[in-house]
Amino acid sequence: MVVFDKVLLRYGAGPDILHEASFTLAPGSFHFLVGPSGAGKSSLLRVMYLALRPASGLVSLFGRDVGQLARRDIAEMRRRIGVVFQDFRLLDHLSALDNVALPLRIAGLREAEVQQNARELLAWVGLGDQLEARPATLSGGQQQRIAIARAVIARPRLLLADEPTGNVDDRIGLRLMRLFEELNKLGTTVVIATHNDSLVAGFRHPQLRIADNHLRLVADPFAVTGG
Amino acid sequence: MLRSDLPLDRDAARVFLPAIIGFMVFLAALALAGSMGLDNLLARWRSQIETAFTVELPRLDGESAGAATARRSTVMSAIAAVPGVESAVELSDQEKARLLAPWLGGDVQALDLPLPDLIGVATKPGTAIDISALAAKLAALSPGASIDDHGRWRGAIAGVSRTVRRAVLGLLLLIGVAAALTVVFVSRAGLAAHRRVIEILHLIGAHDGYIAGQFQRHAFTRGLLGGALGAIAGTLVFEAGRRLLPELAAAGFELDPLQWAGLALLPLAAALLAMVTARYTVLTALAKVM
């Protein structure tokens, strides 16, 4: 599903963000991406959602070398990836409903189907009474839930979430994690970047750990510390 | 109202684009209506000239009045016998005086000039008469007889008609280029203003055609709106001009139903031009970003 082979990340002529990262994420797997702030978690996710090209190395998604993709193929591949951005990136001029509906409209679904799915999902994340609200009128936590609903509505095969529970209380955070796990059970590969230790501790998932510009895959983090 | 993910209807272009396109279509409608009206007027003149010629019979020195009458009668019979001739009428002295009045003043008859005899001949539309053969035949019957088939005027009218058509075509081309450049400018401004939204749409999986589609729909609807207003304004000004110059209208400066239909298509043509230009501009610009 996701293969990184000796990937080097760097912005322009700046210092290296990540040295020769190599790992493979199997289809249907669930990983936390952990590390201190500024370690490069968001940059790594940007490579995965095709917004950043690595300085060197090979990145393969869905069995295809992303460096060889034609422009049109990049759009097709992005439709199979759901992204929860750390800064939400909602469209301020659209309602909550229209924001969530975007991926389905881009995919060309019938409007009736789009409306039904978007309404159901917004109700599920607790925003059934805010369908027509503009993002600017909502709290950070509500905006985050809209961003998550938008990321998952098209049932992506790969879900990338950057601090998806950073602005919600524990109860909502837990509910959102359950949503990610449900999707994972349906076959979606999930990668969640977080520095929330309690969130990571609550779920026994393998981890991609970034520290000192190096990344390593820890398959069973609790076996290491478990004793 | 068309749904759009891009807030293009909130841009300044919302008013600017239809205003510019409207003005362009206004100019195009006026130029086109004016040239078509003029073309119709010239065509009417041409057809009047083409179905008529004048036979000129010089007076012969020493010829008696009776012999002159007999000669004119022979000539009239010869003309009437030509296939395609509808009528032949000898101009009276008063009519000749009226024709010469612009050059010789009002009282031509008082000058006692030896005016030639003139025969106005009308032909049936669509018939071709061998003018030079007829002229030779008439000259044999009446020495010095000649025919004026208004060839000089026909050439001049055709020349004016051709020149006007070329000028209007050039003008329409310039208007089209100016309108297209406006759409390019507006589309680029829109791309810059909505860069963040476009980036998000791209990241969600929108391909360039999806984004270009929103720009082209906007350009089409705004172009159609502006174009319709421009065409209506152009038509009103054209009609007002015809009313202010009734003699021009009476002479044939008017449009037929097909030409009115052509004018009515101008807004659609402008909207299509705006749409295609917007699509091309956006696709070209997006291809340059990741």
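User: Which residue is the bridge partner of Glu90(B) in S3(B)?

Analyst: In this predicted model, Glu90(B) has Ile119(B) of S3(B) as its bridge partner; strands are DSSP runs of E of at least two residues and helices are DSSP runs of H or I of at least four, numbered from the N terminus.

User: How many bridges join S2(B) to S3(B)?

Analyst: S2(B) and strand S3 (residues 117-123) of chain B run antiparallel and are joined by 5 bridges, where two strands count as paired if DSSP finds at least two bridges between them.

User: And what order do the strands of that open sheet have?

Analyst: The sheet is open, has 4 strands of chain B in the order S2-S3-S1-S4, and its pairing is antiparallel. Strand S2 (85-90) and strand S4 (146-148) of chain B each have a single partner strand and stand at the edges, so one side of each has no neighbour in the sheet. Direction ignored, neighbouring strands are turned by 25° against each other on average.

User: Which helix packs on the sheet?

Analyst: Helix H4 (residues 131-141) of chain B does, touching strand S1 (52-57) and S4 of chain B, and its direction makes about 145° with that of S4(B). Here a contact means that C-beta atoms, placed from the backbone, lie within 7 Å, while axes are lines fitted to C-alpha atoms, for helices over the stretch in contact, with angles from 0 to 180 degrees between N-to-C directions.

User: Changing topic, what radius of gyration does chain B have?

Analyst: Chain B has 31 Å, whereas a compact globule of 290 residues would have a value near 19 Å; the radius is taken over C-alpha atoms, and the globule rule is 2.2 Å times the number of residues to the power 0.38. The C-alpha trace of chain B spans about 105 × 35 × 25 Å along its principal axes.

User: How many helices and strands are in chain B?

Analyst: Chain B comes to 10 helices and 4 strands.

How values were computed: Residues numbered from 1 in each chain as written. Chains lettered and ligands numbered in written order. Predicted model: local features only at pLDDT ≥ 70, side-chain atom pairs only at ≥ 80, totals over all residues. Contact = placed C-beta atoms within 7 Å.
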